[in-house]
Amino acid sequence: PESAMIEPSSVANPSDVVEKERGSAGSKTFPLEGKNNIACGERLRVMQNSPYLSFLHGMIRDSSQTRSKFVFYTDQLLRLLCEFAFESVPHKPYVVMTPTGNKFQGVKFEPVCGVSVMRSGEAMETALRSVMLDVKIGKVLVQLDGETKQRRLLYSKLPKDIRKHHVMVMNPILASGSSALAVLKHLTEVGIKQTQVSLITMIASPEGVKNVLDAYPKISLVASMVDERLDSAKLLIPGIGEFSDRYFGT
């Protein structure tokens with residue numbers, strides 16, 4: 001079953017968001033110069049902006065931030081993001097008996113397997129494990145091929161029963177989307193359906209979102225924020241810098 005559509009969204013520059021009417025409900029789009037807009041909806045879910053979310057992004061985007069504070073506030077944001085990502089995980093009603101002898105109807109999620117895109121995605125593993133017990137974790141490594149100038153998969157270690165899980169691909173920064181596309185290609189080749197996949201990213205570009213959803217329109221893409229654009233060097237604007245170096249201190 002599909003989860004409910006999350007309509008509110010947050011972007012680096014809220015004035016750049018164009019609202020459109022879809023029936024009686026409003027949706028939001030992220031503009032792309034010379035290209036089709038990206039609509040926030042069933043397949044793209046972006047966290048609703050709030051003072052605390054803006055605070056967290058401000059703390060980790062500050063170029064003068066210490067590494068210890070960068071890691072601390074990134075971890076807070078990643079946990080919120082992982083909680084939010086479960087909106088994309090199929091679930092069904094689940095009735096329990098409370099200590100007072102009364103029934104309560106909650107939900108039960110399909111089993112989840114995280115797949116971290118090394119090295120940056122490994123920063124998200126603790127956050128995912130902190131919101132759901134018994135989550136399995138796989139790892140993949142993608143690097144740039146010096147000859148073809150394309151991203152290619154170099155390493156993959158996935159649980160044997162991964163096809164029985166909803167797969168959360170953990171990729172904190174989605175710029176052009178080339179690494180994510182290489183991972184999604186690999187997952188489909190090993191028999192995982194697009195509808196079984198959620199791509200979880202902390203910060204995305206509109207271009208990266210479009211590239212991924214054009215190629216894999218049935219996955220769910222979950223982000224805490226969509227930045228304004230990519231510059232000519234394919235860097236996020238306003239951006240965060242080199243995430244892995246800042247987080248791991250290398």
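In which direction, left-handed or right-handed, does α1 pass α2 in a crossing? Left-handed. The contact there is made from α1 by Y52, L53, F55, L56, H57, M59 and I60. From α2 come F70, Y73, T74, Q76, L77 and L80.

Before I go on, one caution. This is a predicted model.

Let me give you the overall picture. The protein has 250 residues, and 45% of them are buried. It contains six helices and 15 strands. Take the contacts between residues at least 6 apart in sequence. Of those, 62% join residues at least 24 apart. The accessible surface comes to about 12900 Å². Carbon and sulfur atoms account for 52% of that surface.

Back to the two helices. Helix α1 covers residues 51-61, and helix α2 covers residues 67-85. Their axes come within 9 Å. They cross at roughly 140 degrees.

Which residues of α1 are buried? They are L53, L56, H57, M59, I60 and R61. And what do these buried residues pack against? Helix α2 is one partner. The others are strand β12 at 197-204, strand β13 at 220-226 and helix α6 at 243-248. Keep α6 in mind, please.

Now to charges. Side chains of opposite charge can pair when their charged atoms come close. How many salt bridges does a search of the whole structure find? Nine. I will pick out a few.

Start with R119 and D245. Their closest N and O atoms are 3.3 Å apart. This pair links distant parts of the chain, 126 residues apart. R119 sits in the loop between β7, residues 112-118, and α3, residues 125-131. D245 sits in helix α6. That is the helix I asked you to remember, one of the elements that the buried residues of α1 pack against. Are these two partners buried or exposed?

Next, K185 and E189. Their side chains meet in a salt bridge at 2.6 Å, N to O. Both lie in helix α4, residues 178-189. They are four residues apart, about one turn of the helix. K185 is partly exposed, because its relative accessibility is 45%. E189 is exposed, because its relative accessible area is 53%, and the cut-off for exposed is over 50%.

Then K210 and D214. Here too the side chains meet in a salt bridge, at 2.6 Å, N to O. Both residues lie in helix α5, residues 206-215. They are four residues apart, about one turn of the helix. Why does K210 count as buried? Its relative accessibility is 17%, and buried means under 20%.

Salt bridges can also share partners. That joins E122, E125, R129 and K139 into one network.

Which residues make it? Y94, V96 and F104. The patch is about 280 Å². V96 is found in strand β5, residues 91-97. V96 counts as partly exposed, at 34% relative accessibility.

Helix α1 passes α2 in a left-handed crossing. The bridge from R119 to D245 links distant parts of the chain. And Y94, V96 and F104 make a nonpolar surface patch.

Definitions and conventions:
Residues numbered from 1 in each chain as written. Predicted model: local features only at pLDDT ≥ 70, side-chain atom pairs only at ≥ 80, totals over all residues. Heavy atoms only, no water. Patch = residues over 30% accessible without salt bridge, like charges linked within 9 Å, V, L, I, M, F, W, Y side chains within 5 Å. Areas by Shrake-Rupley, 256 points an atom, 1.4 Å probe, with all protein chains shown as cover. Salt bridge = Lys/Arg side-chain N within 4 Å of Asp/Glu carboxyl O. Buried < 20%, exposed > 50% of the residue type's maximum accessible area, 1.4 Å probe, protein only. Axes fitted to C-alpha atoms, helices over the stretch in contact; angles between N-to-C directions. Left-handed = near helix turned anticlockwise from the far one by under 90°. Contact = heavy atoms within 4.5 Å.
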